[in-house]
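Colleague: Could you walk me through this one, step by step?

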Amino acid sequence: MTETIEPVTGPALEVKDLAFAYPGGTQALFGVDLAIGTGERVALLGPNGAGKTTLVLHLNGVHAAQAGSVRVGGLPVVKEHLQEVRRRVGIVFQDPDDQLFMPTVRDDVAFGPANLGLRGDELDERVVQALTAVGMEAFADRAPHHLSFGQRRRVSVATVLAMRPQILVLDEPSSNLDPASRRELADILRSLDITMLMVTHDLPYALELCPRSLVMNGGRIVADGRTAEILADEALMSANRLELPFGFFPAQAEAERADREARRL
Amino acid sequence: MSGSHAHALYFHGHSAVHRLAPETKLVAQFLFVLIVVATPREAFWAFGLYAALVLLAAAWASIPATFLLRRLAIEIPFVAFAFFLPFVGQGERVDVLGVSLSVEGLWGAWNILAKATIGVLASSLLAATTTMAEFLTGFDRLRVPRAFTSIASFMVRYMDVIADDMRRMRIARQSRGFEGRWIWQTKAIGKSAGALFIRAYERGERVYLAMLSRGYSGSMPEMGEVHATTRQWLTASILPIVALPICAIAWVQQA
């Protein structure tokens, strides 16, 4: 994982001047601009109602851009390309009970690749690989509602990985997880070699996993930079209703992480 | 009971019967019950043989007979009215322990009781050896329209989730001093039911979004089109194939 902020190999995801209002008239996005390079892990921070989820639903064409554009690996997100866009962008939704709707874990993980037309051995192989990547291969024949919450979250990630996306988008990946499951998920996410956009309120999690952060507020991107610097910018933080948990010091955590990584090498 | 297959009627095991392709079991059970129902009621011995057949199959599946017999309780409300037939039946009457009973009624009661009991036994055996997911696959492979199997599969998947929602709402009501026992409090319960419906509806929308995001385009993909082998079909058909001559002999005797 490189620590560079500038995209190295051209943007995996490019959003230009994106605006969107809901049918009721509420405008949610007022010209969003962002670019994410291949292999980057980026956190999307911001208060409730900032437009984060609305933005996410544009990335795979669930919402169509009313103004501006979204490109995934250079491919514009428009109706003709929806199937390919949805293969390239994998979204893990917040509630695993929404994501997992098939009777068994295996069927659920197979759902995406089967929609892409895979069958037989190739399909089985995808399922096994995706489940192995999240450490859930032993649970393939279980019913989703018999798994713990943390296990369901991991299977949700696998359902998306099975489609071999170019970008993994996670909506609140650490929400409702107990500390051990939260750490296990972090280990899994770190082990994946994939471009990642993570919507989260969990700022320590963002710092741990994402070298770069975007701050969104009022339907715009208001800050873009190194996560450690953003979290240390008190004026920016309070202007956007972002708060660090009690006793958490980004600089100290950064140093600790660098230390841990050095020891791992 | 292992986590994957926990529906209440399932009995975890790895017998040959458990491993049979679900569609073969479904067809075999259906045919068997048809044969049982088509048997003339006068052939007592035939019903004895049918019951023995089912219990043999259960033994082969290593399902304890007591497990199946306990499941028989489900038929009680359905056959309860059969017990009245001997009392209310018309025609010729006999005295049993000083009570006058209708002969036709007695035959009717026996007919219902015997056929229902064997039918329930056979169904319990099927349920005990087949997981919910297998049932769905079985119906799918039997060419039941995918719209039906999908609806059933969503129901199976979300029944527990919705039951959980309901339980949480009940606890929240109770925590605020609500005891749902009195008739005039039905209003609050009605409102909870409404809220539950809205929640389920909203979840439906979110699930649909998640499906769209994974490339859903209006029809469920066909997965794992493995079909039962001839050997499996043959194995499963032992039950109806043995039952058929029993039924035939009973009719020949009758004539």
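Predicted model: local features only at pLDDT ≥ 70, side-chain atom pairs only at ≥ 80, totals over all residues.

Colleague: At about what angle does helix H6 of chain A run to E6(A)?

Modeller: Helices (H or I, at least four residues) and strands (E, at least two) are DSSP runs, numbered from the N terminus. Axes are lines fitted to C-alpha atoms, for helices over the stretch in contact, and angles run from 0 to 180 degrees between N-to-C directions. H6 (149-161) lies across E6 and strand E7 (167-171) of chain A, and its angle to E6(A) is about 165 degrees.

Colleague: In what order do the six strands of the open sheet in chain A come?

Modeller: Two strands pair if DSSP finds at least two bridges between them. The pairing here is mixed, and the order is E6-E7-E8-E3-E9-E10.

Colleague: Which residue in E9(A) is the bridge partner of Leu45(A)?

Modeller: E3 (41-45) and E9 (212-217) of chain A run parallel, with four bridges joining them. For Leu45(A), the partner in E9(A) is Val215(A).

Colleague: Which element gives the largest share of the side of chain B that touches chain A?

Modeller: Chain B puts 26 residues into the contact and chain A 31. On chain B's side, eight residues, the largest share, come from H10(B).

Notes:
Residues numbered from 1 in each chain as written. Chains lettered and ligands numbered in written order. Contact = placed C-beta atoms within 7 Å.
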